[in-house]
Each structure stands twice: as structure tokens, then as C-alpha cells.
Amino acid sequence: MSSTPTPSLGRNSSSVYVQVPPSPFDLERYQSLPSRHVPTAANTSKLLKENSPLRKPRTQMLQSASASSASLKRKISDRDSSSSTVDTAPSSSKKVKSVSTGTPLKPSQTNSATLMFQQSSNACPEYPNGWTYCHQCCKKRDLGATIQCTLLEAKTTGKNNVPKERRCVSKYCKACLQNRYGEDLDTWLGNRKWEQGHVENVGYTFKCPKCRDVCNCPRCRKSKGLEPIGTMRKAPEAAPAKKEKQPKNKSASSQPKKRVRKSKLRVLPPVKWTRIAQALSQSEVEERMSIREFILRFNDLSECSLLKPHLEELEQINGKYNGQEGHDATSWVSDACAKSVIMMLLGILSTDESSPWKESSEIAVKNMRNIGFSLSKVYSTLLEWQESVVEATEVSSSGDDVSSDSFSIAEPLPPSEHFFASARRSTRTMTSTLPNSVAIHSSAQLIPVVLSLIDLTLQLSSIREALEEGPKTTREIYRQAREALKLEGERWDTVKKQQEQSKDKALLQEAKRLHKDIVTALERSSDIAQCESLQRFAPLGSDPEGRVYYALTPGHAEREAAYEFTDLLAGDLPNNARLKKKGRTLKPEEREDLVDWSWMILVWGKKPPSAFTPAKDEEDDEDSDDVEMEDDTDAWWCFHDPEDIKKLVEWLTIDNDLEEKDESKASANGKSTSVSPEQAAVKQLISSLKDFGSLLEWRSRDDKYRLPTTNLKSASTSAKSRAK
């Protein structure tokens, strides 16, 4: 049955062939094996032959892929298809190679970021570096395409509210940083400079948009009372028109083509608009502002000038309590301050020697000093003064400046609703408020009377002379400031040489800081001092939507401090003199009370749709009807924080398409940019807002007035302690 091949046939002597007889069993009687390698009843197109070996699993086939194929083959006789010969002796000369699924990389072939992300516990095939959720889009992102904020936040934990610092947990993905904020993730990851207040040993420094208060995600905007921005989609570009083929011009082709810059989509920054003086109209606030500026400008011309407390009280345009609940919403200054204002105006009238009302004004001032602080008696004294002046002008023939018809004093305003609500239980008070009686219950009623007296004083020759001397005074202030700057520059050159020879870097840096502070103080002092020579008070300007912007000048105490500092550094005072007046400084908590109006920007108009108002307490929910009317009606708004003023400037610049970068490049190239009259007015308004914001930031400093005699060593140690 079996035959062994002879060596004469040229076969390998180590190979043995065996003829396998057919199987006596019928394979069709048995069920097919439950394997994908054996055909089933549903798929019997190609049945396996008898005694044919089963196919090995895929894993075993991969491991033995390099083995000899002769061990899996069987020789089939040409004469008998049912018989076959199989090589039973595998070749020992061929070795089986193990095939691995992948070759591991060397440590030098992987970066540190990859190693860090491979250690994440939530790694998966879709996110091999691990995953996290983006704060902006709330989607699952790979750790390699996200960045976490490194700023340390102050948190209170425990029953004792112990403050602790922890790292901000906000993370932003690469797409959101680029599309929403125009920032590059790789640039932030490459920021190796560590800053104070951030986590150390992270490899980068990143302050997220949420910590910068510019995050525009739906949750952050909802917390500010804003509507979500939604999906930001670019406007569809118009299809370019087909151009006709033109003959090529060699001269034109030689010139380089100009690249057209695509304008980037810029999002309006969130600006906080704070409501103020809800019961006052635009004309009422403007009248109070003009009274305050007139008193500060011409107070020195009166024999009955106002004292410093009353001058500072004039900044309270809406009263001491700023129209809070339980107080008069239309209140003004105190009764004593209102009486002092009227006496000051009468004192200016009494200084004119050629006027017929000189003697009557002196008598009225004496009578007012003896009547106390009753505003009703003050008004009755004014009526007596008016009658005496009219009689004097009729008798005298030398009244050339003012005619007798101009002595009519305006009638006072009626009492406010708050007064009637609080006086309903008092019969004596109600009887004094009859229409025919003259009863003054609040200083706000005398505002028309004060304005009529101001109009009368503007006709005097002394007031006209003071207005004409205003430009001369301004030039003298700036000349004195330039002289002080020159002396400070000479002093700095001498100090710089001395510090460089001593080779003390800390003292040199402190000397530079002192020189910079002195120069800044001289510039700001000249700006404050020139307020004494203003010709008239006017708003800063208005925007295209009709909003009007106002800013009051600094108070009397700040003007005196500015004069003294400039005189001292200009050499008008002795070298060993010290500053006696350091001006007035309001802390951020005091500015938030919204009482002193010279420390804020005021706006009359409608709140823009992109703005938001600060969150109110639960007690103010009853006034929800007034809040809903804010967007539809004109009202007074204020900005008391320098950062809010900067955002207001940025908002005006973007909203009116005024890009400073493009204008600077155009001016550098010698090209003139065409600006419409409206844009020119807005540019002037933006410049005024910037100046006021920088001045307000400097006025809020405690050490704004530093002298050259400052001890550098003590200043350096104090600066280090503040930094720690």
C-alpha cells in the first residue's frame, strides 16, 4: 500500500509520504461544528474534503505565519482524488518567527506631554491621552487638545470659613480658544514665564477667560443677566463675479500683488451699566452739575465763600443717601449747604462797587446769618432783597449793567411726593404747604432760585474779567509744570549716576519708580489745576445712539493739593517744605456707594442690548417693574471703576468700527484716513473717556504724591512687603 520514494527520483530523503485511505464514516450524518471555519447547513456551497485539516484560529495563524507552508499542505494523487499524501515530518531547518502587534517606542521618541497624558486613568481608544470636558462647549475633549487655568482662587472651607487657595478648574479646548477668543492654545502652552498668583511647576502660565471676566459661555453670560451668544457662524461670502480675460500687461505683472486682509469677527465686551438717580431727569441733573461747577470756579470772588465741607458736599448730586429707599429720591444738599450757596452768590453781588444792589446785598447777607438754617426764612429774605434792589434801580440812574426787569427771582419748586407721604400725620406740617404760603421743606426746591442768582452774577464785570483771565491762568499752570519737569529731570540724572556707581540694583529700581511716579504726578496735577480756569461746563460728547456722557471736575481739596505739589517741585516753595494737603482719596468701597459724582462717568440714555446690570438683592425683587423698563426708557447710568471705563472705551471703539491699529499703520505709511463727522465726534469722546479713566486710576492711589526726598531704602522694603 505504501511505497517509499527512492533517492534516484531526486527527492529529499527526509520526506516521507503516506497514502491516507478514505474514511469509513459518513460525515453528512454528523452536525457541523459551531465554528466559522467549518461550513454549516446554511452555507454548504463548498464542502471540505475528507480528512482535510481544520483551519486554525486567526491568532494562531498570525503566530505561525512564518512557518513552512509544507506542513499545512497535503499531496493529492492525480489518479485518485479521494486519496492524499501529507508530509508528516516538518522541516527543522526553518524557524517560526513570532509576529507582535506593535513595536514599543523608545523613551527618547516620546515627548513629555504624551507621557503625562498616557498616565490618565480614563484613557480609551477614542481619547488615548485621556479626556475632559471643555468649559466653553461642554464637550468631551482629548487632554492633549485642552488647557487648564493655572490661577489660584481663594476659597473658604470648613465651619470657620478658613480661606484656602486652590487651582481654577476651568479647562478650554483648542477650538473654543481660537474661535471664541482668537487665542492660540500652543502659544499659551509655550508661556513659560511664571506669574504671581498662579500654580508653580506646571510648565506654563494661563489665565482663563472666566478669571479674566471675559468668558462668553452660556452659563457665565446668564449669571450676568445676558442672553447666550449661540453658535458663532461667519456671514456667507458672496460668490465672486466672473472676470473677463484681459490681455496681460508686462508692467502690471511686474508689480507685486497686494494682499487683502480679512476682517476678523470681534465680539463686543460685556460692559457693566449701573443705574443711578432713578427719579431725576436729564435737565434736573444738569442744573445741579452747573451749580456745582460755577461755585467751584468763582468761589474765591465772593466775600462769603463756601467752606471746604460744603464744597465737597456739592458733589452729592442726588443727596447724601443717593435716593435710597426711605429717603427722598430727589434730594440735594443739606439745608446749611444750600444757605451757604445763596450767601456766596449774594457776596459776589456785593463786591461790585458800581452796582445799585451792593448795599442791599450786604444787608441780606447779615440777615441770613441771624436766621439759622430755615430755608423758608432764607427765601423770604431773598424776596425782601429783591424788592429793595428794584426800588434802588428805579431811583438810581447809574444802573448801566443790569436793568430793573432782570431782578425777578424764580419761584421755588413744589415739595416732593416723599414729603407729602411723610407729613400726612402732621397737621402743622400740612398746613404750611398750602398753595398761597411760602414754605421750603428741602434744598431741591431752591434750585431754580439759585440758577436765577447765577444768571444775575454772570452779568457782572468781575465775572467777565475772571473768564477772560482763564486762558492766561491755564498757560501759567502748564509753564509751571514744565519747569517742575525740567528740574525733576536734572535731579534724576544726578541720582542715576550715583546709583549706578553704587551698583545696588534694588535701590536703582526704586529710584526709577520714584522718578516715574513724580513725573506722572506732575502731569496729573497740571490737569487737575487747570480745572480752575474752565470757561464753561459741558458734556464730554455723545455717541450715534444719542447717549450723552458727562464727567465732573475734581473737588476743591484735590485742586489745592495739585497746586501745592506743583509749586513745591517748581521751586516756588522752600526745599525742606512738606506737603500739607494730600487731596482726597476714595477707596473702591466708598466709590461703590455712588454718592460722590466727581469719581464716575455719567451717561444719560438707553442701555445698549449687549450691556448688563449688576445683580440686585432679593429685597429689590419688588421693583421688578422698574427693571423691565430700563431697556426702553432713558435713564442715568454710571461707571465708577477704572476697569469698567476701559471696557466702555473698548465697546465704543468696536461698536463704531474705529480700529486704532489700522489708523496707526495708515499714518505710518503716510496715508490719510477719511473719517466722517460722527466718527470724529466719537473719537473725541473716546479720548476724553480714556483721559478720565487714567486720571481716576491715579486719583485712587494713596501714594500719588511722592517727593524727591523719599527714603529709597524704606520705600524698597515697603514695596517688597506689599509684593509678598
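**Exercises on a predicted model**

**Exercise 1.** Which residues of helix 3 are buried, and where around the axis do they sit?

*Solution.* This is a predicted model. Start with burial: in helix 3 (residues 174-181), Cys176, Leu177 and Tyr181 are buried. Their arc around the axis is only 100 degrees, so they lie on the same side of helix 3. In general, residues three or four places apart in an α-helix point the same way, because there are 3.6 residues a turn. Next, the cover: strand 6 (146-148), strand 9 (171-173) and helix 4 (185-189) are among what covers the buried residues of helix 3. Finally, look past the end. Gly182 follows helix 3, with a positive phi near 65 degrees.

**Exercise 2.** Find the order of the strands in the 5-stranded open sheet, then the helix that packs on the sheet.

*Solution.* The order is 10-14-13-12-11, with antiparallel pairing. Strand 10 (274-276) and strand 11 (541-542) are the edges, each pairing on one side only. Now go inside. Strand 12 (residues 548-550) and strand 13 (residues 601-605) are joined by 3 bridges. Val548 has Trp604 of strand 13 as its bridge partner. Helix 7 (residues 282-298) packs on the sheet and touches strand 12, strand 13 and strand 14 (635-639). Its direction makes about 25 degrees with that of strand 12.

Terms used
Residues are numbered from 1 along each chain as its sequence is written. This is a predicted model: local features need pLDDT of at least 70, side-chain atom pairs count only at pLDDT 80 or more; totals for chains, interfaces and linings use all residues. Side-chain values use heavy atoms; hydrogens and water are left out. Two strands pair if DSSP finds at least two bridges between them. Helices (H or I, at least four residues) and strands (E, at least two) are DSSP runs, numbered from the N terminus. Contact means heavy atoms within 4.5 Å. Axes are lines fitted to C-alpha atoms, for helices over the stretch in contact, and angles run from 0 to 180 degrees between N-to-C directions. Buried means under 20% relative accessible area, exposed over 50%, partly exposed in between (1.4 Å probe, protein chains only). The arc is that of the directions from the helix axis to the C-beta atoms.
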